[in-house]
Amino acid sequence: MRRRFFTALATACLCLMTYGSAWAAGAVSIWVALSETGGAHAEAAEALRTELDRAQPGRIEWRVAHWSRFPGVKPEPQWVVAVGTAAQRGMQELFAGGATPPPLLAILVPRLAFERIADQARLRGGSLSAVFLDQPPARQLEMIRLALPAVSNIGILVSAESKAHGASLEKAARERGMRLAISQVGQDGLFPALQSLLAEVEVLLALPDPAVYNSQTAANILTAAYRQQVPLVGFSPAYVRAGALLALYSTPAQVGLRGGEVLRQALSGKPLPPPQWPREFAVGVNQDVARSLGIALDQAQLGEQLRQRERP
Amino acid sequence: MPFLLALLIAPAAAQEVSEKDYFGDLPVVLSVSRLAQPLDETPGAVTVIDRELIRRSGAREVAEVLRLVPGFLLTYRNGANPQASYHAGMDTYGSRMQVYVDGRSIYSSFYLGDTHVGLRGLVLEDIERIEVLRGSNSASFGANAFLGVVNIVTRNAADTHGVMLSATVGDKGINDNVARVGWGDEKASFRVTGARRVDRGFNNNYDDSHVSRLQLRADLMPTVKDDVMIQFGAGETWRGEGVGTGGNPFRTAGNADAHLLVRWQRQLTPDQQFELRFVHEREFLRDRFIATAGPISALVDTSGEGQRTEIGLQHSLRLDEAMRVVWGGEWRYETARSKPVFFTADTISLHQWRGFGSVEWRPHPQWLLQAGGMYEGHSYTGGTFSPRLTANFHVLPDHTLRAGITKSQRAPTFYELRGDSRLYLLTAPATQVAWTFLASGNVKPETLITNELGYLGRFRQINLSVDARAFVERMNNRVWFSARTVGAFAPNDAVNRPGPRIHGFEYQFDWRPFSGTRLMLAEAHTRIASGDPAEEREAPDRNTSVTWLQRLPGEFEFSAISTATTPFKWAGGGDLINTPRRLDVRLGKPFAMGATRGEVSVTVQAINGGYQVYKMNQRFDRRAFATLRLDF
């Protein structure tokens with residue numbers, strides 16, 4: 001029933017959202033494949049389209065739909081945008097057999113997920129790129145330095161997969177005179193790793209990894225960190241609501257906007273740039289948690305300071 | 001076909017990171033009611049002693065830790081009876097102070113009111129932090145939250161997975177051992193701690209002590225909204241008593257106790273929490289000896305057993321950004337049984353019920369007004385009401401002024417209400433030779449009206465925090481024992497008299513000038529005005545503690561704690577004595593061997609030489625001990 005509903009919905013989207021001016025000279029056809037047809041994915045897709053349509057009104061023939069609706073659709077587009085991990089995987093596989101697949105820009109994908117599924121040949125060949133959903137390590141650490149100037153020991157809790165974040169974060173920490181402690185959740189569960197980490201760090205930086213942070217363990221980790229008076233820095237507004245001291249994230253619209261900018265430059269003839277971080281971001285602060293931990297933070301000011309640091 | 005395959009594979013890959021991790025919703029975990037009130041918004045002065053400070057203080061028990069709190073005095077009635085008291089040494093059992101451990105009061109109302117035995121039974125290694133409310137607060141904590149409220153928070157079982165072993169050996173027969181095992185998963189954690197603490201007390205005293213304890217704690221999180229804590233503990237304390245006279249011979253006295261505590265907290269909404277608490281505990285006291293006076297010898301016995309059952313409910317809610325409310329109720333049933341203490345083989349009992357409420361109102365970002373009150377019904381003494389009103393004014397973001405007025409109570413104990421102690425000749429016929437106590441039952445609760453002004457400042461640039469408090473505490477209905485005539489005897493009765501007026505000021509500085517260095521000063525200046533010279537000497541003019549924690553090269557940790565008190569006389573048999581500086585030092589070295597972490601430490605208490613304590617002829621001599629601790 002549910003599947004049938006989504007199929008109907010996706011078809012409706014395909015019909016409704018497909019518009020364009022096929023007759024217009026120089027029209028470019030772009031497929032926007034969504035991992036999900038609503039929510040964050042639709043929001044990012046909308047921001048991307050708005051950015052391109054603003055720059056070149058009426059030039060693009062859009063087809064926006066759930067990624068599973070595209071197989072069999074002809075003719076093939078000139079560009080493909082995949083919104084989300086599932087869409088990226090689907091679109092890569094759809095064009096896997098072709099000699100010259102259309103260039104693919106994945107947006108709203110976590111870096112680790114992108115790297116795991118990216119078609120390496122296409123990546124090297126420059127016909128695959130991405131705008132990640134995560135934040136660059138330098139930005140994360142710079143924010144911690146701005147928000148908690150006295151802190152020099154930062155901890156991350158990782159699984160075998162998210163351990164890959166360690167090296168770049170460690171480098172960014174070293175550059176700022178901070179120390180990064182990495183604790184890996186192993187066979188004996190979350191708590192031994194968490195306990196030893198909380199004993200030696202002053203702030204815990206959460207990284208997206210469902211093997212470590214899911215809706216059950218987030219509660220365990222947030223309460224354990226709070227008991228040790230160790231603030232947690234999250235990666236989404238949900239973390240701020242749940243009880244993280246603060247979070248650094250890019251909204252779907254911010255990622256979509258960056259995707260639009262990348263695509264606009266590519267359409268004007270420049271080569272597709274390498275995968276990159278979103279440029280725009282937001283900072284959220286949980287004032288109740290801050291007050292309880294005796295930390296004074298101004299959300300707007302913190303965001304502005306961080307933006308200033310990134311300006312050339 | 002490939003995309004269909006991808007569809008099938010996708011759900012199996014749920015443990016792999018995807019954008020869902022960013023957009024998934026999370027329950028509100030640290031809701032307002034789960035968050036601790038910041039210190040500049042508490043309705044009174046609070047000193048927090050955390051686990052790190054407890055460990056590095058070198059203390060072996062809680063009373064020794066409390067001397068780091070401004071206004072707290074430490075004495076030893078003998079080597080087996082360390083006791084802390086706030087502002088004045090009015091009794092030798094800690095009966096005018098309230099102590100909560102995870103929401104369970106350890107106050108024993110069986111005999112004369114006692115917290116010092118309960119405090120002795122606590123295992124320091126299991127304590128997360130000690131929060132001391134310097135002042136009184138019956139409006140929130142009920143009767144006996146009188147001169148000082150000590151809130152002890154033990155470690156959550158989720159924070160103590162693994163095995164911990166600790167052994168301490170040293171002078172004066174010091175021989176302490178702790179073994180702890182913790183395990184669990186995301187939904188439930190468990191811990192079992194076994195501990196014993198042994199020493200021979202002071203030289204030339206019969207005051208050996210032997211404290212042993214078994215403590216279980218389970219923390220369950222069946223859903224993200226629910227916290228269930230279950231604790232079971234049992235232990236015993238044996239201690240040397242007596243001064244070697246005919247009326248007070250050397251002997252071994254003991255206490256045994258067991259308790260069950262269940263606390264369920266549920267987040268109804270992010271702004272509302274409901275709490276249900278159940279406590280049942282039993283205690284057994286044993287102190288029996290033959291007193292002799294010339295040819296007469298009689299059995300003196302204060303042994304007996306007590307029980308307490310308590311059910312409490314609490315609902316806290318945030319109405320809007322400016323207003324928070326907490327209200328609730330509690331019912332308590334206590335029994336005591338002791339033929340020699342109450343002159344009846346029957347069990348005597350009392351009921352108490354409480355209703356309380358408090359409102360926290362923030363009319364302006366700089367102002368916080370808190371008003372609260374508790375009405376307590378008591379089956380012997382009737383109803384009492386304890387109100388409290390405080391205003392916190394944030395002059396600047398890190399600088400707060402606080403003014404408060406509160407009225408608190410100390411409920412009379414079973415003995416003060418129903419005691420009946422008669423002494424009989426040991427030889428037949430069992431003739432009554434003395435009547436030491438006969439309660440008329442007319443005694444009323446002691447009351448204390450506290451006025452206070454406080455300042456809390458935080459100088460972030462130099463890592464300094466300051467807490468100062470000026471206070472006037474007016475005690476009324478102080479309970480004294482006074483002889484009356486009953487036939488040929490003159491037994492004591494518990495009677496009320498006007499109490500003293502204690503006033504003064506206290507402050508604490510906590511400064512971290514460099515990373516690895518922490519300096520603390522806690523000092524209180526106190527005066528007692530009552531017209532009775534003996535009562536006026538129950539508090540020292542000045543009581544100081546200075547703490548220095550230093551991290552040294554090679555990861556060594558050094559700490560030094562110096563305490564000093566000007567002359568005063570502890571009630572209940574103390575002499576007017578000066579406690580000159582006592583200096584404790586500790587050197588510790590944490591280490592790691594693979595996954596095993598540990599620490600070796602050496603502590604010397606009173607390294608500057610012994611000092612008189614409580615009585616002229618009693619000394620706390622220099623003592624050294626070493627501890628090895630392993631966590632794996």
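The dialogue below takes up several labels in turn and sets each against its definition.

Tutor: Keep in mind that this is a predicted model, in which local features need pLDDT of at least 70 and side-chain atom pairs count only at pLDDT 80 or more, whereas totals for chains, interfaces and linings use all residues. Residues are numbered from 1 along each chain as its sequence is written, and chains are lettered from A and ligands numbered from 1 in the order in which they are written.

Student: Why does A:Leu108 count as buried?

Tutor: A residue is buried if 20 or more other C-beta atoms, placed from the backbone, lie within 10 Å of its own, exposed if 12 or fewer, and partly exposed in between. A:Leu108 has 33 C-beta neighbours inside 10 Å, and therefore counts as buried. A:Leu108 belongs to strand β4 (residues 104-109) of chain A, a strand being a DSSP run of E with at least two residues, just as a helix is a run of H or I with at least four, numbered from the N terminus. Its phi is near 65°, a positive value in a residue other than glycine.

Student: What makes B:Lys172 buried?

Tutor: B:Lys172 has 20 other C-beta atoms within 10 Å, so it is buried. B:Lys172 lies in the loop between β8 (162-170) and β9 (175-184) of chain B, and its phi, near 55°, is likewise a positive value in a residue other than glycine.

Student: How do you know that β9 and β10 of chain A pair?

Tutor: Two strands pair if DSSP finds at least two bridges between them. Strand β9 (residues 232-234) and strand β10 (residues 246-249) of chain A have 2 bridges, in the parallel sense, and A:Val233 has A:Leu246 in β10(A) as its bridge partner.

Student: What makes β7 and β11 of chain A edge strands?

Tutor: The open sheet has 6 strands in the order β7-β6-β8-β9-β10-β11 (chain A), with mixed pairing. Strands β7 (179-184) and β11 (282-285) of chain A each pair on one side only, and are the edge strands. The twist averages 25° from one strand to the next, with axes fitted as lines to C-alpha atoms, for helices over the stretch in contact, and angles running from 0 to 180 degrees between N-to-C directions.

Student: Which direction does helix α6 of chain A take relative to β10(A)?

Tutor: Helix α6 (residues 137-147) of chain A runs at about 150° to β10(A) and lies across β6 (153-158), β8 (203-205), β9, β10 and β11 of chain A.

How values were computed. Two residues are in contact if their C-beta atoms, placed from the backbone, lie within 7 Å.
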